[in-house]
Amino acid sequence: MLPYGHQSINDDDIAAVSEVLRGDWLTTGPAVTAFEEALASYVGATRAVSVTSGTAALHTAYAAAGVGPGDEVITTPMTFVATASCAVTLGATVKFADIDPATGNIDPDSVAALVTDRTKVIAPVDFAGQPVPIDRLNEIAHAAGALTVEDAAHSIGSRTQGRPVGSVADLTTFSFFPTKNMTTAEGGAVATLDADLGQRAHEFHFIGLVRDRDRMRHPDEGPWHQEVHEWGLNYRLSDVHAALGLSQLKRLEQFKARRAEVFARYQEAFAGVEGLGIHGVAEGVDPTWHLYPIRIKDGRRREVFDAMREQGIGVQVNYMPVYWHPLFEDLGDRRGLCPNAEAFYAEELSLPMFADLTDADVERVIETLIGIVAH
Ligand SMILES: *Cc1c(COP(=O)(O)O)cnc(C)c1O
């Protein structure tokens, strides 16, 4: 089965990991520091905190933003459940804004309509790798005294109006799961330009430990002393994973270029084909394409999904609207809440998209899909 997403691992990646395994530091050592510094620099941030997953990154970013009981987090239903469920974990209420049907990204007008004096965070997702209209979302958030947390699990390496994703929201989260644009096996990161938010993220992912003597309540306890002021978790990424991340980061521009070629070939092949709708691309964005989302018209998505899989092509669906999950149903969210997202979900099919796809793979996907919809 040709998968819809797959990691690209080369000899340099393997050598980087082996070197750590032969060394003295398996975790919280020089590879973590080097990876965080390289990542911050690449995404245009001043601080990056590496964590154990994209889910951990969201939990950490929301905690750094101060999300808690009574707060509201506005996000998109067109995402992986963690974008919303991590806010629930912290006691917040999640409100779902509808999407722009062309791009699958959150619609700023729909966000603006949901803002209240309890809004703490606006959490957009760069669907498929395409950056959201962040300037507008920052404006809406900041006018309400809230912060933006951009879930960039799909979009490391993407740029918007010339600026890298990671440098445009108050906090940005990444995932390094194997199918994403680059991998550490499991892993993620939080990036920010705000020193205070960065330090809060760091402490949350490090059990809440305070090691700065100037901030200690009991500074004279002894040289061994460290304090916890606010609770945190152990979300530290190991040096083994960070070494892979550092090596992958060096390859990310190549991955991006290949993903762009595949995206362009699919768009060209499917434009104007009856029964299909191609993905919308906004002005001024330069995405690292994580997904290739095609629309299957005429109520045939399920049939086409099954037929593609039968022919050995591992398609996927991204995503069922998050509030259809029983967690959110049980919290009172009902179907019909975001009509654009529901219509998008009904037609969406993700075709194979990864850096090591060959031209022959791409042509096979194209021929197979066109063959199926022609019947
Ligand atoms: C993958 C993903 C996550 C979660 O990342 P993990 O590393 O799998 O925990 C969060 N949000 C989005 C949009 C994702 O695609």
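The structure is a predicted model, in which local features need pLDDT of at least 70 and side-chain atom pairs count only at pLDDT 80 or more, while totals for chains, interfaces and linings use all residues. Residues are numbered from 1 along each chain as its sequence is written, and side-chain values use heavy atoms, with hydrogens and water left out.

Helices (DSSP runs of H or I, at least four residues) are numbered from the N terminus. Axes are lines fitted to C-alpha atoms over the stretch in contact, and angles run from 0 to 180 degrees between N-to-C directions. The axes of α2 (residues 30–43) and α8 (residues 239–270) come within 8 Å and cross at roughly 30°; α2 and α8 are therefore roughly parallel to each other. Helices α9 (residues 301–310) and α12 (residues 359–373) pack at about 135°, with axes 10 Å apart, and are therefore oblique to each other.

In the second pair, V304, A307 and M308 of α9 meet V365, T368, L369, I372 and V373 of α12 (contact: heavy atoms within 4.5 Å).

The ligand is surrounded by 15 residues (a heavy atom within 4 Å), the closest being G54, T55, D151, S175 and K180. Polar contacts (pairs of N or O atoms within 3.5 Å) involve the side chains below.

| Side chain | Ligand atom | Distance |
|---|---|---|
| D151 | nitrogen | 2.8 Å |
| S175 | oxygen | 2.8 Å |
| Y319 | oxygen | 3.2 Å |

Technical notes:
Helices (H or I, at least four residues) and strands (E, at least two) are DSSP runs, numbered from the N terminus. Angles under 35 degrees count as roughly parallel, over 145 as roughly antiparallel, 65 to 115 as roughly perpendicular and the rest as oblique. A polar contact is a pair of N or O atoms within 3.5 Å; within protein, one must be able to donate a hydrogen and the other to accept it, and residues adjacent in sequence count only if both atoms are side-chain atoms.
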